[in-house]
Amino acid sequence: MSSFIERLRAVVLNLGAALLLLDLLLLIYGVVARYLIGSSPIWMDEMARYLIIGSVMLLLGALWSEGGHMRINLLEQRLPARLARWLQLYQWLAACAFFTFATWVSLRYALEAGRFRSLGLGISRTWPLLALPLGFGLLVLMVLLRGPWPNSQQAEVQP
(Lines give C-alpha, C1' and ligand atoms only; values in the text may rest on other atoms or scores of the structure.)
Protein backbone atom coordinates (compact mmCIF):
# COMPACT_ATOMS: atom_id res chain seq x y z
CA MET A 1 0.00 0.00 0.00
CA SER A 2 2.85 2.39 0.75
CA SER A 3 4.13 2.15 -2.84
CA PHE A 4 0.69 3.25 -4.04
CA ILE A 5 0.81 6.20 -1.64
CA GLU A 6 4.27 7.12 -2.88
CA ARG A 7 3.21 6.96 -6.54
CA LEU A 8 0.08 8.99 -5.84
CA ARG A 9 2.11 11.50 -3.87
CA ALA A 10 4.64 11.81 -6.72
CA VAL A 11 1.87 12.40 -9.28
CA VAL A 12 0.23 15.03 -7.08
CA LEU A 13 3.55 16.77 -6.35
CA ASN A 14 4.40 16.89 -10.06
CA LEU A 15 0.97 18.22 -10.96
CA GLY A 16 1.17 20.85 -8.22
CA ALA A 17 4.65 21.86 -9.39
CA ALA A 18 3.38 22.14 -12.97
CA LEU A 19 0.53 24.40 -11.85
CA LEU A 20 2.97 26.59 -9.92
CA LEU A 21 5.29 26.81 -12.93
CA LEU A 22 2.38 27.73 -15.17
CA ASP A 23 1.36 30.36 -12.63
CA LEU A 24 4.88 31.78 -12.56
CA LEU A 25 5.03 31.97 -16.34
CA LEU A 26 1.64 33.66 -16.42
CA LEU A 27 2.70 36.24 -13.85
CA ILE A 28 5.93 36.95 -15.73
CA TYR A 29 3.92 37.40 -18.91
CA GLY A 30 1.59 39.81 -17.11
CA VAL A 31 4.46 41.91 -15.76
CA VAL A 32 6.23 42.02 -19.13
CA ALA A 33 2.98 42.93 -20.90
CA ARG A 34 2.24 45.64 -18.36
CA TYR A 35 5.63 47.32 -18.81
CA LEU A 36 6.19 46.76 -22.54
CA ILE A 37 2.66 47.07 -23.91
CA GLY A 38 1.18 49.24 -21.18
CA SER A 39 -1.50 46.82 -20.00
CA SER A 40 -1.88 43.15 -19.16
CA PRO A 41 -4.85 40.96 -20.06
CA ILE A 42 -7.80 41.35 -17.71
CA TRP A 43 -8.06 37.61 -17.17
CA MET A 44 -4.43 37.19 -16.07
CA ASP A 45 -4.81 38.06 -12.37
CA GLU A 46 -7.85 35.85 -12.02
CA MET A 47 -6.17 32.91 -13.72
CA ALA A 48 -3.06 33.31 -11.54
CA ARG A 49 -5.23 33.27 -8.42
CA TYR A 50 -7.04 30.12 -9.54
CA LEU A 51 -3.75 28.37 -10.35
CA ILE A 52 -2.31 29.16 -6.91
CA ILE A 53 -5.44 27.92 -5.13
CA GLY A 54 -5.52 24.79 -7.28
CA SER A 55 -1.88 23.92 -6.64
CA VAL A 56 -2.16 24.47 -2.89
CA MET A 57 -5.30 22.36 -2.63
CA LEU A 58 -3.74 19.54 -4.67
CA LEU A 59 -0.61 19.50 -2.52
CA LEU A 60 -2.48 19.16 0.80
CA GLY A 61 -2.65 15.38 0.71
CA ALA A 62 0.94 14.94 -0.43
CA LEU A 63 2.20 17.12 2.39
CA TRP A 64 0.04 15.32 4.94
CA SER A 65 1.29 11.90 3.85
CA GLU A 66 4.91 12.88 4.40
CA GLY A 67 4.28 14.77 7.64
CA GLY A 68 4.97 18.16 6.07
CA HIS A 69 2.05 19.85 7.78
CA MET A 70 2.39 21.94 10.90
CA ARG A 71 1.40 20.22 14.11
CA ILE A 72 2.40 20.19 17.72
CA ASN A 73 2.90 16.74 19.18
CA LEU A 74 4.21 17.67 22.62
CA LEU A 75 1.39 15.79 24.34
CA GLU A 76 2.11 12.64 22.32
CA GLN A 77 5.76 12.77 23.37
CA ARG A 78 4.93 13.16 27.06
CA LEU A 79 2.26 10.46 27.30
CA PRO A 80 3.02 6.78 27.85
CA ALA A 81 3.23 4.87 24.57
CA ARG A 82 -0.17 3.21 24.95
CA LEU A 83 -1.98 6.51 25.62
CA ALA A 84 -0.04 8.23 22.84
CA ARG A 85 -1.33 5.58 20.39
CA TRP A 86 -4.91 6.24 21.53
CA LEU A 87 -4.36 9.97 21.05
CA GLN A 88 -2.98 9.37 17.55
CA LEU A 89 -6.03 7.25 16.71
CA TYR A 90 -8.33 10.02 17.97
CA GLN A 91 -6.46 12.63 15.92
CA TRP A 92 -6.67 10.44 12.83
CA LEU A 93 -10.42 9.89 13.25
CA ALA A 94 -10.98 13.61 13.83
CA ALA A 95 -8.93 14.46 10.72
CA CYS A 96 -10.86 11.92 8.62
CA ALA A 97 -14.19 13.29 9.80
CA PHE A 98 -13.24 16.95 9.37
CA PHE A 99 -11.68 16.57 5.93
CA THR A 100 -14.58 14.43 4.70
CA PHE A 101 -16.97 17.12 5.88
CA ALA A 102 -14.83 19.80 4.18
CA THR A 103 -14.92 17.77 0.95
CA TRP A 104 -18.69 17.53 1.04
CA VAL A 105 -19.26 21.22 1.92
CA SER A 106 -16.79 22.48 -0.69
CA LEU A 107 -18.34 20.26 -3.37
CA ARG A 108 -21.80 21.62 -2.61
CA TYR A 109 -20.43 25.17 -2.67
CA ALA A 110 -18.64 24.62 -5.99
CA LEU A 111 -21.77 23.19 -7.60
CA GLU A 112 -24.01 25.97 -6.27
CA ALA A 113 -21.61 28.63 -7.54
CA GLY A 114 -22.22 27.45 -11.10
CA ARG A 115 -24.90 30.12 -11.52
CA PHE A 116 -22.20 32.78 -11.53
CA ARG A 117 -19.48 33.56 -14.02
CA SER A 118 -16.01 34.81 -13.22
CA LEU A 119 -15.37 38.40 -14.23
CA GLY A 120 -12.06 38.03 -16.05
CA LEU A 121 -12.30 34.62 -17.69
CA GLY A 122 -16.07 34.50 -18.13
CA ILE A 123 -16.26 30.85 -17.10
CA SER A 124 -18.58 29.20 -14.62
CA ARG A 125 -17.24 29.65 -11.11
CA THR A 126 -17.78 25.92 -10.54
CA TRP A 127 -14.63 25.04 -12.50
CA PRO A 128 -12.06 26.86 -10.36
CA LEU A 129 -13.94 26.04 -7.16
CA LEU A 130 -13.74 22.32 -7.91
CA ALA A 131 -10.11 22.56 -6.75
CA LEU A 132 -11.43 22.66 -3.17
CA PRO A 133 -13.32 19.34 -3.09
CA LEU A 134 -10.64 17.73 -5.26
CA GLY A 135 -7.91 18.80 -2.84
CA PHE A 136 -9.87 17.84 0.26
CA GLY A 137 -10.85 14.54 -1.37
CA LEU A 138 -7.22 13.71 -2.13
CA LEU A 139 -6.38 14.68 1.44
CA VAL A 140 -9.03 12.28 2.79
CA LEU A 141 -7.66 9.53 0.55
CA MET A 142 -4.09 10.14 1.74
CA VAL A 143 -5.16 10.27 5.40
CA LEU A 144 -7.08 7.01 5.05
CA LEU A 145 -4.26 5.26 3.20
CA ARG A 146 -1.58 6.40 5.62
CA GLY A 147 -3.54 5.21 8.62
CA PRO A 148 -3.56 6.48 12.19
CA TRP A 149 0.02 5.65 13.10
CA PRO A 150 2.85 7.97 12.10
CA ASN A 151 5.18 6.63 9.46
CA SER A 152 8.86 6.13 10.17
CA GLN A 153 9.81 9.40 8.42
CA GLN A 154 7.61 11.38 10.81
CA ALA A 155 8.85 9.46 13.83
CA GLU A 156 12.47 10.34 12.96
CA VAL A 157 11.69 14.06 12.86
CA GLN A 158 10.37 14.08 16.42
CA PRO A 159 13.02 15.11 18.97
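**Stop 1: α4 against α6**

Select Trp-92, Cys-96, Phe-99, Thr-100, Ala-102, Thr-103, Ser-106 and Leu-107 in α4. By class, the contact of α4 with α6 holds 12 nonpolar residues, 4 polar and no charged. Keep in mind throughout that this is a predicted model.

Look at the two axes next. α4 and α6 pack at an angle of about 160°, with their axes 8 Å apart. α4 is therefore roughly antiparallel to α6. Their crossing is left-handed.

**Stop 2: along α4**

Stay on α4, residues 81-112. The helix has 32 residues. From its first C-alpha to its last, α4 reaches 46 Å, close to the 46 Å expected at 1.5 Å a residue.

Colour its buried residues: Ala-84, Leu-87, Gln-88, Trp-92, Ala-95, Cys-96, Phe-99, Ala-102, Thr-103, Ser-106 and Ala-110. An α-helix has 3.6 residues a turn, so residues three or four places apart point the same way. What covers the buried residues of α4? Show α2, α3 (74-78), α5 and α6, which are included in the cover.

**Stop 3: along α6**

Move to α6, residues 131-146. At 1.5 Å a residue, its 16 residues should span 22 Å. The end C-alpha atoms of α6 are 22 Å apart, which agrees.

Select the buried residues of α6: Ala-131, Pro-133, Gly-135, Phe-136, Leu-138, Leu-139, Val-140, Met-142, Val-143 and Arg-146. Then step past the end of the helix. Gly-147 follows α6, and its phi is positive, near 85°.

**Stop 4: α6 against α2**

Turn to α2, residues 44-65. Which residues of α2 meet α6? Select Gly-54, Met-57, Leu-58, Leu-60, Gly-61, Ala-62, Trp-64 and Ser-65. On the α6 side, select Ala-131, Leu-132, Leu-134, Gly-135, Phe-136, Leu-138, Leu-139, Met-142, Val-143 and Arg-146. The contact of α2 with α6 divides into 13 nonpolar residues, 4 polar and 1 charged.

Check the geometry here. α2 and α6 pack at an angle of about 5°, with their axes 8 Å apart. Angles under 35 degrees count as roughly parallel, so α2 and α6 are roughly parallel to each other.

Zoom in on Ala-131, which lies in helix α6. Buried or exposed? Ala-131 counts as buried, because its relative accessibility is 16%, and the cut-off for buried is under 20%. Leaving out residues up to four places away in sequence, Ala-131 touches Gly-54 and Met-57.

**Stop 5: α1 against α2**

Bring up α1, residues 2-36. α1 and α2 pack at an angle of about 160°, and their axes are 8 Å apart. That makes α1 roughly antiparallel to α2. The crossing of α1 and α2 is left-handed. By class, their contact has 17 nonpolar, 5 polar and 4 charged residues.

Trace α1 from end to end. Its 35 residues should span 51 Å at 1.5 Å a residue. Its end C-alpha atoms are 50 Å apart, which agrees.

Select Ile-5, Leu-8, Arg-9, Val-12, Gly-16, Leu-19, Asp-23, Leu-26, Gly-30 and Ala-33, which are buried in α1. What do the buried residues of α1 pack against? Display α2 and α6. Just after α1, find Gly-38, which takes a positive phi of about 105°.

**Stop 6: Glu-46**

Go back to helix α2 and pick Glu-46. Glu-46 is buried, with a relative accessible area of 7%. Select Ser-118, Leu-119, Gly-120 and Leu-121: Glu-46 touches these, not counting residues up to four places away in sequence. For Pro-148, zoom out. Glu-46 and Pro-148 are 102 residues apart in sequence and 38 Å apart in space, C-alpha to C-alpha.

**Stop 7: Ile-123**

Finish in the loop between α4 and α5 (126-129), where Ile-123 is found. Ile-123 counts as partly exposed, at 31% relative accessibility. Select its contacts beyond four places in sequence: Phe-116, Arg-117, Ser-118 and Pro-128. Last, pick Val-143. The C-alpha atoms of Ile-123 and Val-143 are separated by 32 Å, and the two residues are 20 apart along the chain.

Notes:
Residues are numbered from 1 along each chain as its sequence is written. This is a predicted model: local features need pLDDT of at least 70, side-chain atom pairs count only at pLDDT 80 or more; totals for chains, interfaces and linings use all residues. Side-chain values use heavy atoms; hydrogens and water are left out. Axes are lines fitted to C-alpha atoms, for helices over the stretch in contact, and angles run from 0 to 180 degrees between N-to-C directions. Helices (H or I, at least four residues) and strands (E, at least two) are DSSP runs, numbered from the N terminus. Angles under 35 degrees count as roughly parallel, over 145 as roughly antiparallel, 65 to 115 as roughly perpendicular and the rest as oblique. Contact means heavy atoms within 4.5 Å. Ala, Val, Leu, Ile, Met, Phe, Trp, Tyr, Cys and Pro count as nonpolar, Asp, Glu, Lys and Arg as charged, and the others, Gly among them, as polar. Buried means under 20% relative accessible area, exposed over 50%, partly exposed in between (1.4 Å probe, protein chains only). A crossing is left-handed if the near helix is turned anticlockwise from the far one by less than a right angle, and right-handed if clockwise. The expected span of a helix is 1.5 Å times one less than its number of residues.
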